[in-house]
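Let's take a walk through this structure together. Have a look at the picture first, and then we'll go through it piece by piece.

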Amino acid sequence: IAGPDLERAKHDHLILEMDSGDRLVFSDSRMFGRIRYAHGAEAPDWWSGLPPQVLSSGFTRVRMNAFLERRAQSPIKAVLLMQEMFPGVGNWMADETLWRSRIRPRTKAGSLGPRKRIQLYESLIEVCEDAMRVIAPDWSTPPDDWLFNHRWKDGGVCPQTGRNLVREEIGGRTTCWSPYWQR
């Protein structure tokens, strides 16, 4: 939301002016998003078909476990980026979730036992809650005990072990993880 004095930026693809004079801005520099709209009292089909948000009551361990089974041979890092199950979870959130649950990113989704699945589910919820609490309000930098601050640079070190992090590509995305922490 921007004030009435907004100057349009390069990646502002839609600006809606509200009665208050404020503007609702859709800015998408990486061109990953889309805008859909509908008119009428009923929710459109495309809205009803969206997966439950990770922080909603519709996102359950049973649902997550069934999805992991259907993607049993895929690396868990790639699975966490699948928006049809984990909407809004991006690259850094997947890395942070795996780091907090101490799961290696190349681990096959179907090979996670019951205990690791519980850890994964709980870490995913925790990361999403922490992101909403710390980052979402004003783009604050997370605390140094998160992987987040260390994953962006070559030579970064694990906040838990003090040992070097590894960066590699998994599922077409750069992944950062701690071999001594994520076992």
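**The pocket and the charged pairs**

Helix α5 gives the most to the lining of the largest pocket, with four residues. Helices (H or I, at least four residues) and strands (E, at least two) are DSSP runs, numbered from the N terminus. Keep in mind that this is a predicted model: local features need pLDDT of at least 70, side-chain atom pairs count only at pLDDT 80 or more, and totals for chains, interfaces and linings use all residues. Residues are numbered from 1 along each chain as its sequence is written, and side-chain values use heavy atoms, with hydrogens and water left out.

Back to that pocket: it holds about 1900 Å³ of space. A pocket here is an open set of points on a 1 Å grid over the protein atoms alone, where a 1.4 Å probe fits, with protein on both sides within 12 Å along at least five of seven lines; lining residues have an atom within 4 Å of a point. The volume is the space filled by probe spheres set on the points, which are joined across faces, edges and corners. There are 42 lining residues, and Phe32, Gly33, Gln83, Pro87 and Gly88 lie nearest the centre. Elements giving two or more residues to this lining include β1 (12–17), β2 (23–27) and α4 (91–100).

Now for the loop between α4 and α5, where you'll find Ser101. Ser101 is buried, at 1% relative accessible area (buried is under 20%, exposed over 50%, partly exposed in between, with a 1.4 Å probe and protein chains only). Setting aside neighbours within four places in sequence, Ser101 is in contact (heavy atoms within 4.5 Å) with Lys116, Gln119, Leu120 and Ser123.

Next come the charges. Side chains of opposite charge can pair when their charged atoms come close. The whole structure has ten salt bridges, each a side-chain nitrogen of Lys or Arg within 4 Å of a carboxyl oxygen of Asp or Glu. In one of them, Asp95 pairs with Lys77, with the closest N and O atoms 2.6 Å apart. Asp95 sits in helix α4 and Lys77 in helix α3 (residues 76–80), so this pair ties together parts that are 18 residues apart in sequence. Both Asp95 and Lys77 are buried.

Arg133 and Asp130 also form a salt bridge, at 2.9 Å from N to O. These two are three residues apart in helix α5, so about one helical turn separates them. Arg133 is exposed, at 56%, whereas Asp130 is buried, at 12%. Both belong to a network of salt bridges that also links Glu96, Arg100 and Glu126.
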